[in-house]
Amino acid sequence: MISLAISDAVLAFASAFPVFLLSQQKDFDPAHKLPAKAALFGFLLMTVAGGLGALNYGFSTAWAGSYWMFNNMATFMSPPLVTIAMGQILMAKFWSAAAWWRTILAICLLFEVSRWYGLETVYRDLQLTLCIIAGLVMVTRSYMNAGTKALIMVSFASFFVGGMLIGNEGTIAGYLRLNLFRYFIALGNLMLGTGLYFLLRQKKPEKL
């Protein structure tokens, strides 16, 4: 369907902008570079998934296998990676590269366990809910520029509306929920990525 190809393309472009911003690591404090890379990886997964979705729905189903693989990776890995990265930046408590790899392996293991028991949808919704709540708590309690805070708060509101209220199954007012879901996630990615970039440029690690 062309509408699905368009919404996936929008999601890909909106996710690619944070990838570009977070790749400007020369502007960041060295202590922030690992969490910035983790957040970049999360947005990159969504960029690739969206791009493959546009190819799958707009050109050829030959892309279906790659699309669903990256779509699952983005759905289950991107939210926790970006949320944990933001938490580390806000709390100035940074992990080693080995700790990040263990985190990625743990996220993959949780997904496989949920899929084994047929609970991947429940796990997906629970994970997104926890990431939104954790993100809101951290941002609300942290000091940052008002504009940066507004961008991040809008992003979480967009994730909540798209992921928890609209969902991705069925239709609403004649529109596919999946398309609306992608547009809200795209807006959230754009706002969150921009907010993280501004945060990384202004936040200084605390002396422990």
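In helix H6, the buried residues are Thr148, Leu151, Ile152, Ser155, Phe156, Ser158, Phe159, Gly162, Gly163 and Ile166. Buried means under 20% relative accessible area, exposed means over 50%, and partly exposed is in between, with a 1.4 Å probe and protein chains only. Helices are DSSP runs of H or I with at least four residues, strands are runs of E with at least two, and both are numbered from the N terminus.

Two notes on the source. This is a predicted model, where local features need pLDDT of at least 70, side-chain atom pairs count only at pLDDT 80 or more, and totals for chains, interfaces and linings use all residues. Residues are numbered from 1 along each chain as its sequence is written, and side-chain values use heavy atoms, leaving out hydrogens and water.

Back to H6. What covers its buried residues? The cover includes helix H3 (64-91), helix H5 (120-141) and helix H7 (177-202), where contact means heavy atoms within 4.5 Å. H6 itself runs over residues 146-166, which is 21 residues. From first C-alpha to last it reaches 28 Å, close to the 30 Å expected at 1.5 Å a residue; the expected span is 1.5 Å times one less than the number of residues.

Next, the record. An unreviewed UniProt entry annotates residues 6-22, 34-55, 67-87, 99-119, 150-168 and 180-200 as "transmembrane region". Positions follow the numbering used here, feature names are shortened, and annotations may be inferred rather than shown by experiment. In the model, residues 150-168 are 89% helix and 0% strand, with end C-alpha atoms 26 Å apart. Residues 67-87 are 100% helix and 0% strand, and their end C-alpha atoms are 29 Å apart.

Last, Trp116. This residue is found in helix H4. Is Trp116 buried or exposed? Trp116 is exposed, because its relative accessible area is 71%.
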